[in-house]
Amino acid sequence: MSEAKVLKKMKIDEALNTNVWDVDHKPHIVVDYEKCRKICDKKICTLLCPAGCYTLTSGEILFSYEGCLECGTCRVVCPNEAVTWNYPLSGRGVQYRYG
Ligand code: SF4
Ligand code: SF4
């Protein structure tokens with residue numbers, strides 16, 4: 001069966017579960033937690049990151065870059081420029097199996 005046919009039959013969660021990561025030792029996204037804490041009320045990153053890298057615990061943002069899908073959403077939606085975003089080192093990061 002071709003990859004396109006396989007993908008058509010897969011749900012998004014199933015396709016994402018086939019991804020693998022070669023995690024960069026250096027964080028490719030750095031969050032300025034001071035801004036999160038002091039000037040951000042909506043914390044929209046916790047709602048829009050498709051990988052769930054941003055979580056809210058006791059009112060504090062926790063960020064983990066290891067499962068990042070490199071979509072760039074957090075950089076675009078953060079209203080406070082709290083996200084410093086770079087691609088991981090060449091060859092590192094997420095490897096998509098089905099696009
Ligand atoms: S939207 Fe930006 S400032 Fe607000 S919690 Fe997320 S990263 Fe921090
Ligand atoms: S780049 Fe995408 S997947 Fe990675 S942390 Fe930002 S929103 Fe989440």
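I began with the shell around ligand 1, which by class has eight nonpolar, one polar and one charged residues. Here Ala, Val, Leu, Ile, Met, Phe, Trp, Tyr, Cys and Pro count as nonpolar, Asp, Glu, Lys and Arg as charged, and the others, Gly among them, as polar.

The model is predicted, with local features needing pLDDT of at least 70 and side-chain atom pairs pLDDT 80 or more, while totals for chains, interfaces and linings use all residues. Residues are numbered from 1 along each chain, chains are lettered from A and ligands numbered from 1 in the order written, and side-chain values use heavy atoms, without hydrogens and water.

I listed the residues surrounding ligand 1: Cys36, Cys40, Lys43, Cys45, Ile61, Cys78, Pro79, Asn80, Ala82 and Val83 (a heavy atom within 4 Å).

Next I looked up aromatic pairs and found two (ring centres within 6.5 Å; planes under 30 degrees apart are stacked, over 60 edge-to-face, the rest tilted; for Trp the six-membered ring is used). Tyr54 and Phe63 make a tilted pair, at 4.6 Å centre to centre and 40 degrees between the planes. Both Tyr54 and Phe63 are buried (under 20% relative accessible area; exposed is over 50%, partly exposed in between; 1.4 Å probe, protein chains only). Trp85 and Tyr87 pair edge-to-face, because their ring centres are 4.9 Å apart and their planes stand at 85 degrees. I noted Trp85 as buried, at 8% relative accessibility, and Tyr87 as exposed, at 58%.

Last, I checked the whole protein: 29% of its 99 residues count as buried. Its C-alpha atoms fill a box of roughly 55 × 25 × 20 Å along the principal axes.
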